[in-house]
Amino acid sequence: MSYAQGGGLTDAERAARERVRLQAVERFEGGQKNREIAATLRVSEWSVERWRRQWRERGQAGVLSKGSPGRPRLSETQIARLERELERGPLVHGWADQRWTLARIKTLIGRLFHVSYTVEGTWLLLKRHGWSWQQPARRAIERDDTSVEVWKKETWPRVKASRRSAGPGSSLKTRPGSR
C-alpha cells in the first residue's frame, strides 16, 4: 500500500499495523491459509500474501515496521524559529501585504534553513504543528457599520418594495387585434 508524503501514518498507527502483521505471522506459523487470515484480520488476501512472502524471505524481521519513511527536515528548534518568523508577518520578510501563502512560507523556509519543501509538503508541515488554514474577512477598512445598518432599515425596504402587478395579458405572440 502506498501513502502520501511522509507515509501518512502517525507512530501509533504504524505500530497498530505492525501488530496486525505480527498476528498474521502467528497464523502463518500455525499453518492457516491466506484467505482465513485475511478474513480474520480484516485485510486483503493480497496483503497477506505479500506479508507471507516477506516472512519467508526474512523471517519476522521482514514484516516489522521500518519506521517513519523519512525524518523531519526541520528540527523542533527550527520549527520554533519558523513559528516566530511567521508571527512577525510577511511585511518583515519583504512581501507587500500581510498574507501568508504556502508559496511564501515555502520560500521563507528555504531562505531561513536552506531546505526545500513542496507547497503540499509545506502545508503538511504546518498542519502537523497545529497551524490551520484561514482566510481573512474581506471588509473594507473604510466600512461604516452604522451607515450600513441605517441603509438596510430605511433605503432597502423602499428599493425592495413590491412591483405593481401586471394586468391581464395574452399568451399569444402577436397582439390580439393585429390579425
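# A buried arginine and its all-helix surroundings

Arg52 is buried (under 20% relative accessible area, with a 1.4 Å probe and protein chains only; over 50% is exposed, and in between is partly exposed), yet Arg52 has no salt bridge, and the nearest side chain of opposite charge, Glu49, is 4.8 Å away. A salt bridge here needs a side-chain nitrogen of Lys or Arg within 4 Å of a carboxyl oxygen of Asp or Glu. For charge, Lys and Arg count as positive and Asp and Glu as negative, while His and the chain ends are not counted.

This is a predicted model, in which local features need pLDDT of at least 70, side-chain atom pairs count only at pLDDT 80 or more, and totals for chains, interfaces and linings use all residues. Residues are numbered from 1 along each chain as its sequence is written, and side-chain values use heavy atoms, with hydrogens and water left out.

**The overall picture**

- The protein chain has 7 helices and 0 strands, and from the N terminus on its elements run α-α-α-α-α-α-α.
- Helices (H or I, at least four residues) and strands (E, at least two) are DSSP runs, numbered from the N terminus.
- Of the 179 residues in the protein chain, 22% are buried.
- The protein chain exposes about 14,100 Å², with carbon and sulfur atoms supplying 51% of it; accessible areas come from the Shrake-Rupley method with a 1.4 Å probe, and for residues only the protein chains shown count as cover.
- Among contacts (heavy atoms within 4.5 Å) with a separation of 6 or more, 40% are between residues 24 or more positions apart.

**Back to Arg52**

- You can find Arg52 in helix α3, which covers residues 45-58.
- Which residues does Arg52 touch, not counting those up to four places away in sequence? They are Phe28, Gln32, Lys33, Asn34 and Ile37.

**The nonpolar cores**

- In soluble globular proteins, nonpolar side chains tend to be buried together.
- A nonpolar core is a set of buried Ala, Val, Leu, Ile, Met, Phe, Trp, Tyr and Cys residues joined through side-chain atoms within 4.5 Å.
- The largest nonpolar core has 13 residues, and Leu74, Leu82, Ile109, Phe113 and Leu125 touch the most other members.
- Helices α4 (76-88), α5 (102-113) and α6 (119-128) each supply at least two residues of this core, and the largest share, 5 residues, comes from α5.
- Leaving aside neighbours within four places in sequence, Phe113 is in contact with Leu74, Gln78, Arg81 and Leu82.
- A second, separate core of 9 residues includes Ala38, Leu41, Trp51 and Val63.

**Salt bridges**

- How many salt bridges are there? The count comes to 6.
- Glu45 pairs with Arg35 in a salt bridge, their closest N and O atoms being 3.5 Å apart.
- Glu45 lies in helix α3 and Arg35 in helix α2, so this pair ties together parts that are 10 residues apart in sequence.
- Glu45 is partly exposed at 38% relative accessibility, while Arg35 is exposed with a relative accessible area of 59%.
- Arg99 forms a salt bridge with Asp97, where the closest N and O atoms are 2.9 Å apart, and a network of salt bridges links Asp97, Arg99 and Arg104.
- Arg99 is partly exposed, with a relative accessible area of 45%, and Asp97 is partly exposed with 23%.
- Arg143 and Asp145 also meet through their side chains in a salt bridge (2.6 Å, N to O).

**Spots in loops and at a glycine**

- Most residues other than glycine have a negative phi, and most peptide bonds are trans.
- Arg42 is not a glycine, but has a positive phi of about 60 degrees; Arg42 sits in the loop between α2 (34-41) and α3 and is exposed, with a relative accessible area of 78%.
- His114, also not a glycine, has a positive phi of about 55 degrees; His114 lies in the loop between α5 and α6 and is exposed, with a relative accessible area of 70%.
- Gly121 has its place in helix α6 and is buried, with a relative accessible area of 7%.
- From C-alpha to C-alpha, Gly121 and Lys106 are 8.8 Å apart in space, and they are 15 residues apart in sequence.

**A nonpolar patch on the surface**

- Trp151, Trp156 and Val159 form a nonpolar surface patch, with about 330 Å² of accessible area together.
- Patches are made of residues with over 30% relative accessible area and no salt bridge: like charges are joined within 9 Å, and nonpolar side chains (Val, Leu, Ile, Met, Phe, Trp, Tyr) within 5 Å.
- Val159 belongs to helix α7 (residues 145-160) and counts as exposed at 54% relative accessibility.
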